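Please open the structure in your viewer and keep the selection tool at hand. The stops below say what to select next and what is there.

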Amino acid sequence: LFILDPAGKRMWVITPDEAGNYDGDAALRGNREQRIDLNGIDHSQLSGLAYNPASGTLFTLNREHTILYEITQNGELVSTRDVSSFAELESPAGMVFAPSGDTTDDPATKSLYIADPTDNTIAEVAITADEVMALPAASSISLVNTIFTNTWNPPSPDPSAVDYNNATGGLTTSDSEVDEMSIYNGKNVFHSTLSGSLQSGCTTSAYNKEPAGNAVDAATGHLFVSNDGKRLMHEAVISSNGQTCTLVRTVNMATYGVVDPEGIALGAGKLFVADGTNKEVWVIDPGPDGVFNGAGTSGDDKVDRHFDTAVLGLRDPEGIDYHPSRGTLIVVSRGDAIIA
């Protein structure tokens, strides 16, 4: 049993008796109580103590400087981690290691969960070894144009996704929240020119009231829209005048293992899905029939592969697109201000 004593600048380690009891007086008499001085770390405002079963080390956090310390059972400093960038940790308190909440992780993978009574949250922190990645040099980027979708008629005040529409030579934008507003005028998918002039619009509300992500198939012109709340994707036919989006089929994204289907993209005959909760990108093959209809008993699709985005600094991937001339993906993450 490990007990943090921040006022005494120490940690107590108590070994139980043969019956598994942790009685303090009995432990003291039996010489089963050990005091470990924490002189190797800044112990001014330590809070929380968690045992990592994977390494046998312990973690505690300095609330003043938001530094996470990893120490041995003898109190020796192993590593420090700066977690000041985590907005969720306003006033961290108790902590514990438990299985990762990321369903794509190995079941044996453990995360550190930190309780914060100030903002009523529990933050999950992945404790990983440093990774050395050979990343290409950042290329220059410049703003060409800004399109104000809220000025359209009807307006799109909350554009959540956009894709290039090969059939129109313009953009198709979906809005996942406009139907909840008083200004809603029956359209949550909008077709515009590349410069931003609205041409037409349609609605998916009959089958998808929250089109979080969208992709337009260059070959068929079909519209694919995801619903992150219900873990579904819908395929629809856009009419020639762009005013209707007729449902073709519904795909259960959970059959792929996707938990939070945010952004979606099509390219190279595959479907790419940005999974915000899992911090993952999924690559889906449509199977022999060439149709995206789910995996397992739902359809013949196959998960080609999936990879983690957190190692790239993308902790909530919400937007994704396929670059056809390069064969690469562009991924953006909410709150991280990173394009990878």
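Select Arg-334 to begin. In this predicted model, Arg-334 counts as exposed because its relative accessible area is 57%, and the cut-off for exposed is over 50%. Arg-334 and Asp-316 form a salt bridge, with 3.0 Å between the closest N and O atoms. The pair links distant parts of the chain, 18 residues apart. Arg-334 sits in the segment after strand E24 (328–333), and Asp-316 in the loop between strand E22 (302–308) and strand E23 (317–323). Is Asp-316 buried or exposed? Asp-316 is buried, since its relative accessible area is 14% and buried means under 20%.

Next, select Asp-304 and Arg-305. These two also form a salt bridge, and their closest N and O atoms are 2.2 Å apart. Asp-304 is partly exposed at 37% relative accessible area, and Arg-305 is partly exposed at 45%.

Then go to Arg-35 and Asp-37. Their side chains meet in a salt bridge of 3.9 Å, N to O. Arg-35 has a relative accessible area of 47% and is partly exposed; Asp-37, at 39%, is partly exposed too. How many salt bridges does a search of the whole structure find? That search finds nine. As background, side chains of opposite charge can pair when their charged atoms come close.

Now select Arg-32, in the loop between helix H1 (24–29) and strand E3 (33–37). Arg-32 is buried yet has no salt bridge. Which side chain of opposite charge is nearest to Arg-32? It is Asp-17, at 4.7 Å, whereas a salt bridge needs the two atoms within 4 Å. Show the backbone of Thr-15 as well: its oxygen lies 2.5 Å from a polar atom of the Arg-32 side chain. Leaving aside residues up to four places away in sequence, Arg-32 touches several others, including Val-13, Ile-14, Pro-16, Asn-21, Ala-26 and Ala-27.

The next stop is a pair of cysteines. Select Cys-202 and Cys-245, which form a disulfide with their sulfur atoms 1.8 Å apart. Cys-202 counts as buried because its relative accessibility is 0%. Cys-245 also counts as buried, at 6%. A search of the whole structure finds one disulfide.

Finish with the nonpolar cores. For the largest one, select Met-233, Met-253, Tyr-256, Leu-271, Val-273 and Phe-292, the residues with the most contacts inside this core of 15 residues. Colour strands E19 (261–267), E20 (270–275) and E21 (280–285) next: these are the elements that give two or more residues to the core. Apart from that core lies another, of 13 residues; select Leu-68, Val-83, Phe-97 and Ile-127, which are among them. In soluble globular proteins, nonpolar side chains tend to be buried together.

Terms used: Residues numbered from 1 in each chain as written. Predicted model: local features only at pLDDT ≥ 70, side-chain atom pairs only at ≥ 80, totals over all residues. Heavy atoms only, no water. Helix = DSSP H or I, 4+ residues; strand = E, 2+ residues; numbered from the N terminus. Buried < 20%, exposed > 50% of the residue type's maximum accessible area, 1.4 Å probe, protein only. Lys, Arg positive; Asp, Glu negative; His and termini not counted. Polar contact = N/O pair within 3.5 Å; in protein donor to acceptor, adjacent residues only side chain to side chain. Contact = heavy atoms within 4.5 Å. Core = buried A, V, L, I, M, F, W, Y, C linked by side-chain atoms within 4.5 Å. Disulfide = S-S within 2.5 Å.
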